[in-house]
2 protein chains.
Amino acid sequence: MKIESVDFFYLSMPEVLDVGDGSQDALLVRVESGGIVGWGECETSPLTSIASALAPMSHSACKPVLASVLGQRFDDPSDIARIGDLVRANSFDQLQMDHTLSGIDIALWDLMGKKLGEPAWRLVGYENSYRKRPYASVLFGDTPEETHAKVSRIRQAGFSAVKLGWGPFGRGTAKEDAAQVHAAREALGADGTLLVDAGTVFAEDVASAAERLEALSEARVHWFEEPFHNYALEEYGQLASTSPRVALAGGEGSHNAHQAVHMMRQGGVKFIQVDTGRIGGITAAKQVADQAVALGVTYVNHTFTSGLALAASVVPFAGIEDHVICEYPVESRSLAQEIAGNPFPLDADGMIRLNDEPGLGVQVDVAALQKYLVPTEIRVGGKLLYQTPILK
Amino acid sequence: MKIESVDFFYLSMPEVLDVGDGSQDALLVRVESGGIVGWGECETSPLTSIASALAPMSHSACKPVLASVLGQRFDDPSDIARIGDLVRANSFDQLQMDHTLSGIDIALWDLMGKKLGEPAWRLVGYENSYRKRPYASVLFGDTPEETHAKVSRIRQAGFSAVKLGWGPFGRGTAKEDAAQVHAAREALGADGTLLVDAGTVFAEDVASAAERLEALSEARVHWFEEPFHNYALEEYGQLASTSPRVALAGGEGSHNAHQAVHMMRQGGVKFIQVDTGRIGGITAAKQVADQAVALGVTYVNHTFTSGLALAASVVPFAGIEDHVICEYPVESRSLAQEIAGNPFPLDADGMIRLNDEPGLGVQVDVAALQKYLVPTEIRVGGKLLYQTPILK
């Protein structure tokens, strides 16, 4: 069999707000081979990735992404890694390539699973799909009192793990941040899992981040996420070895497996956060998960959009029993909710688990998505290069 | 003053061949403020960068690049770094952003220089513009005899520095490569500067690359370029400390200053090669040059297209007297040659030097370029987002 078609669908909420919510638009990918259809989703700027998929060749290492996908042999799972390697070699100088490849790779795993009648998590090499513990992710309140009230409500809703981030954290004094963190721990109770996300607020300033460690340690936070931006490897490494030791988390911005591995080896993070929709798809993410196990680092998915993206993001570590914590979209927009519904509801213990259905085990609701389609057209040199295909 | 307009022009040869020649198309950037025009060039996939400049916002950290440029205050050189920081913050999740920003940043330096009546190399902080020694860059011959003949011709043409790369190198045995390298040294003579470019042929295979070190050392190569791909930091570091020591060069793929700094610190390269059209422009490249000086690493430009790209690529190290070696386009297509002619011809000693004219000191030949314009149109949601502007 060969890859017969790859189609991109730019979906968007009627209005996109200037807020940190990545569920306001989506780039859905549909791949077809031998009458079977696979679905994927890129975590990307939709128009930019469509352009990278189809842009005329600039030179031998700057080809459109689809030049290395369409018509390729597609018989067994090893073809997916082979196609990814081809894309990286032939579109090396297409910077956007990794984000675009991500959705294609995810769709190829869905397609291969359906073709072989196996769930994707088994095809990537796992024997079991273990339960994961979703955490509730919210912003810090403006005051410690607000934070206390927020966390109390979340605890009462049944979550035993909560992530607090952004808001005032890191923007005032270390003492103010300490009050926030202690308020959160008090409201959560001694047995809850408390995660703190700095949202890269310290950029490259190790000293300022280090001033927060004592309170974070006292409040027994499970991880301290993204104190610095994604390229500050040395700064991560310095903070990781500063006393009191607090486990660092990071890596969501990685757009290839190498960057995530550097974040573990040189950045010294104890939790590697991978967005399957950015890093090159399930194939690259699984490489990171394998490395994480070898290095004694815990793998965590980064996901805040659809059920389809969630399925793809859990596959790479579905079979690692003791990597339990899981990001789980709870506040996404209707577009993201309607892409594949909620295929993984919380069970009685507040846990989720990937199912045994072929591929990713989710159903894309093409009827519901028609209203979100953004008609798009690209013409180059008088030729129609792209026009939104029919979503079916 | 404010940034009033930023226009992109997609230029291409009538036919683009599937060869490793990046001079077959170009993305020219024209910025205007207060009646003055500045020019830049991105080393990118033109359509993909146009899309990233204008793509509708996905969320607060995935905005179109131009959202952080148009209308910005533009009074003194510090505004250029400020605008770049804004772009990186607001378009963080637009992977293509760095390549797009590069051409804009270059155009802003040209514009600021014209506004203030100063050459860009002075505005970035240098007192002098020193002469650089261009090297001739060619492929290895298929046999040592062919390589010998090639290098002899280059030597006779007046070049004292030559770079040989790609072709059979690294694809056969270490013994075959040794014969190639020795043939090159013999033809060049004992006093010539011999550079070898592996073209990432060893990917991540340190052992195979290390097998070549003895011959490279015997032939006294000045640098051994890109044995591995750009993300193989640890592999670079291992090879750098393997005996016999041969100075490594790399970094052309870096799309921000951090990656280039990692290549020096962790990769252990002794020559850091920076493409100003990819790394985020002159601003980011100058940061790398400053770090290179601090770390005792030699900065080298990576350029193989136009006179405009060459000017932009030399500015970041124009004032570093002892960083002398310089890449220089010698085989680019007519498009690249016609963008700005050849503003920096070799002098009697085979050297080049940036001039004292305001900005980049080059003239873009808009009349000559009309024939290369690729009419492009992007419509999103029924709205015309981009249409090739008039090139004037």
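**View 1. Where chain A meets chain B.** In this predicted model, 43 residues of chain A are in contact with 43 residues of chain B. Which elements of chain A each supply at least two residues of the side that touches chain B? They are α1 (46–54), α3 (97–116), α10 (257–265) and β12. Of the elements of chain A, β12(A) gives the most to that side, with 5 residues.

**View 2. A sheet built from both chains.** Here 4 strands form an open sheet. Read across it, the order is β13(A)-β12(A)-β12(B)-β13(B). The pairing is antiparallel. Which strands stand at the edges? They are β13 (383–387) of chain A and β13 (383–387) of chain B. Each has a single partner strand, so one side of each is left without a neighbour in the sheet. From one strand to the next, the twist averages 15 degrees.

**View 3. A closer look at β12 and β13 of chain A.** Strand β12 of chain A covers residues 376–380. How many bridges join it to β13(A)? There are 4, and the two strands run antiparallel.

**View 4. A sheet of 3 strands in chain A.** This open sheet has the order β1-β2-β3, all in chain A. Its pairing is antiparallel. The edge strands are β1 (5–12) and β3 (36–42) of chain A, and each pairs on one side only. Ignoring direction, neighbouring strands are turned by 20 degrees against each other on average. Strand β2 (residues 25–33) of chain A is joined to β3(A) by 7 bridges. These two strands run antiparallel. Which residue of β3(A) stands opposite A:Leu27? It is A:Cys42. A helix also packs on this sheet: α3(A) touches β1, β2 and β3 of chain A. The direction of α3(A) makes about 150 degrees with that of β3(A).

**View 5. A parallel pair of strands in chain A.** Strand β5 (residues 161–165) of chain A and β6(A) run parallel. They are joined by 5 bridges. A:Lys163 stands opposite A:Leu195 in β6(A). Why is β6 (residues 193–197) of chain A described as largely enclosed by the rest of the structure? Because 4 of its 5 residues are buried.

**View 6. Helix α6 of chain B and its surroundings.** Helix α6 (residues 174–188) of chain B has 15 residues. From first C-alpha to last, α6(B) reaches 21 Å, close to the 21 Å expected at 1.5 Å a residue. Which residues of α6(B) are buried? They are B:Asp177, B:Gln180, B:Val181, B:Ala183, B:Ala184, B:Arg185, B:Ala187 and B:Leu188. An α-helix has 3.6 residues a turn, so residues three or four places apart point the same way. What do the buried residues of α6(B) pack against? In chain B, they pack against α5 (144–156), β5 (161–165), β6 (193–197) and α8 (213–218). Just after α6(B) comes B:Gly189, which takes a positive phi of about 90 degrees.

**View 7. Helices α5 and α6 of chain B, side by side.** Two packed helices are described by the angle between their axes and the distance between the axes. For α5(B) and α6(B), the angle is about 25 degrees and the axes are 8 Å apart. That makes α5(B) roughly parallel to α6(B). Their crossing is right-handed. From α5(B), the residues in contact are B:Pro144, B:Thr147, B:His148, B:Val151, B:Ser152 and B:Arg155. They meet B:Ala179, B:Gln180, B:Ala183, B:Ala184, B:Glu186, B:Ala187 and B:Leu188 of α6(B).

**View 8. Helices α2 and α3 of chain B.** The axes of α2 (residues 78–90) and α3 (residues 97–116) of chain B come within 10 Å. They cross at roughly 165 degrees. Are the two helices parallel or antiparallel? α2(B) and α3(B) are therefore roughly antiparallel to each other. The crossing of α2(B) past α3(B) is right-handed. Look for B:Ile80, B:Ile83, B:Gly84 and B:Val87 in α2(B). Facing them in contact are B:Met97, B:Leu101, B:Asp105, B:Leu108, B:Trp109 and B:Met112 in α3(B).

**View 9. B:Val293 in helix α11.** B:Val293 lies in helix α11 (residues 282–295) of chain B. B:Val293 is partly exposed, with 15 other C-beta atoms within 10 Å. How far apart are B:Val293 and B:Phe317? They are 24 residues apart in sequence and 9.8 Å apart in space, C-alpha to C-alpha.

Conventions:
Residues numbered from 1 in each chain as written. Chains lettered and ligands numbered in written order. Predicted model: local features only at pLDDT ≥ 70, side-chain atom pairs only at ≥ 80, totals over all residues. Pairing = 2+ DSSP bridges. Axes fitted to C-alpha atoms, helices over the stretch in contact; angles between N-to-C directions. Expected span 1.5 Å × (residues − 1). Buried ≥ 20, exposed ≤ 12 C-beta atoms within 10 Å, placed from the backbone. Contact = placed C-beta atoms within 7 Å. Parallel < 35°, antiparallel > 145°, perpendicular 65-115°, else oblique. Left-handed = near helix turned anticlockwise from the far one by under 90°.
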